[in-house]
Every structure is written in C-alpha cells, then in structure tokens.
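Here is a short note on the model, point by point. Please read it with the structure open.

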Amino acid sequence: MDIREKALYWHKKGYNCAQTVLAACSELTGLDEKTALAISAGFGGGLRSGEVCGAISGAVMAVGMAYPFTDGSDAESKQKIAELAKQCVAAAEEKYGKIRCSELKGSIDCNEIICFMAETAEKMIRE
C-alpha cells in the first residue's frame, strides 16, 4: 500500500484526519499505529474547534517524529522542526488557499487533503 492508500484505509475505518495521516506515516516515523492513533485523536476537526486542519497537524506530528526536537538546548533541531512545520502548513496553504478545517471542509473533500498531507509528510521525511 502506498501512503495515500494507508491514509484512506484509516479514514474509512472512522478515524479523523490527523489520525489517518499520522498512522499512515507510522512506518516512516517508527511510531506504532496504536500510539499514533491515540496521540492524534484530539486533533481532528481542527483541534475540535474548526481551526488548523487535522491532516496538516498529523503531517506536522509525523515530521516531528522523524526530526525530533527533544533536547531544549539543541538549537539546530529546534530550528529544523520549526522550518519543517512551516513547510507543511505552507504546502497546504499553497494548494488549497486556506488551512482552517472549517473553511476547507465545505469546499474540499477531506480525503483529498488527507492524501495530500500524507504525501507531503512522506516526502519531507524521506528527503
């Protein structure tokens, strides 16, 4: 299964957009699927408030697992994940013109965004 198929598999099983992206990236991040689903559960629906799309949040989480910033004194890692997070958001904004769940949901199919953000995360992790 490619990354798009993995993400759609999780979405069809009833998981939210953040969960589907993070779980689809589990082989790339080393995060087991059960943990990925648990960590990202509250991020769907734009943090359940209509704000930043869950698929974008899931992609940022996946990239964060691949490029961890776990030492507060590691300025290089801090800068790296900050740049990558901005790139995730910018990719979505460039493609869709917006990043808020409440704005995206009415005009763009969630499956489209899920697939795009899973592919975006995969590309960033593999680079």
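1. Start at the loop between H6 and H7, where Pro68 sits. This is a predicted model. Pro68 counts as partly exposed, at 43% relative accessibility.

2. Next, Ser77. This residue belongs to helix H7. Is Ser77 buried or exposed? Ser77 is buried, with a relative accessible area of 18%. That value falls below the cut-off, since buried means under 20%. Once neighbours within four places in sequence are set aside, Ser77 is in contact with Pro68 and Phe69.

3. Overall fold. The protein chain has 9 helices and 0 strands. Along the sequence the pattern reads α-α-α-α-α-α-α-α-α. Of the contacts with a separation of 6 or more, 60% join residues 24 or more positions apart.

4. Dimensions. How does the radius of gyration agree with that of a compact globule, and what is the value? The protein chain has 13 Å; a compact globule of 127 residues would have a value near 14 Å, so the two agree. Along the principal axes, the C-alpha atoms fill a box of roughly 40 × 30 × 25 Å.

5. Surface. The protein chain exposes about 6700 Å². Carbon and sulfur atoms supply 51% of that area. Of the 127 residues, 44% are buried.

6. Helix H6. This helix runs over residues 54-66 and has 13 residues. From first C-alpha to last, H6 reaches 18 Å, close to the 18 Å expected at 1.5 Å a residue. H6 is mostly covered, with 10 of its 13 residues buried. The buried residues are Gly54, Ala55, Ile56, Ser57, Gly58, Ala59, Met61, Ala62, Val63 and Gly64.

7. What covers H6? The cover over its buried residues includes helix H2 (17-24), helix H3 (26-29), helix H4 (33-40) and helix H5 (44-50). Helix H7 (75-96) and helix H9 (110-126) are also among the covering elements.

8. Nonpolar core. The largest one has 37 residues. Val21, Ala55, Val63, Ile113 and Met117 have the most contacts inside it. Helix H1 (3-12), H2, H4, H6, H7 and H9 each give two or more residues to this core. H9 gives the most, with 9 residues.

9. Val63 is one of the buried residues of H6. It is also among the residues with the most contacts inside the largest nonpolar core. Beyond its neighbours within four places in sequence, Val63 is in contact with Ile81, Leu84, Cys88, Ala121, Met124 and Ile125.

10. Salt bridges: how many does the structure hold? There are 6. One of them joins Arg4 and Glu119, with the closest N and O atoms 3.3 Å apart. Arg4 lies in helix H1 and Glu119 in helix H9, so this pair ties together parts 115 residues apart in sequence. Both ends are partly exposed: Arg4 has a relative accessible area of 32%, and Glu119 has 31%.

11. The second pair to inspect is Arg100 and Glu103. They form a salt bridge, with the closest N and O atoms 3.3 Å apart. Arg100 is partly exposed at 29% relative accessible area, and Glu103 is partly exposed at 38%. These two residues also belong to a network of salt bridges, in which they are linked with Glu51.

12. Last, Glu122 and Arg126. Their side chains meet in a salt bridge at 3.4 Å, N to O. The two are 4 residues apart in helix H9, so about one helical turn separates them. Glu122 counts as partly exposed, at 21% relative accessibility. Arg126 is exposed, with a relative accessible area of 58%.

Definitions and conventions
Residues numbered from 1 in each chain as written. Predicted model: local features only at pLDDT ≥ 70, side-chain atom pairs only at ≥ 80, totals over all residues. Heavy atoms only, no water. Expected span 1.5 Å × (residues − 1). Buried < 20%, exposed > 50% of the residue type's maximum accessible area, 1.4 Å probe, protein only. Contact = heavy atoms within 4.5 Å. Core = buried A, V, L, I, M, F, W, Y, C linked by side-chain atoms within 4.5 Å. Rg over C-alpha atoms; globule rule 2.2 N^0.38 Å. Areas by Shrake-Rupley, 256 points an atom, 1.4 Å probe, with all protein chains shown as cover. Salt bridge = Lys/Arg side-chain N within 4 Å of Asp/Glu carboxyl O.
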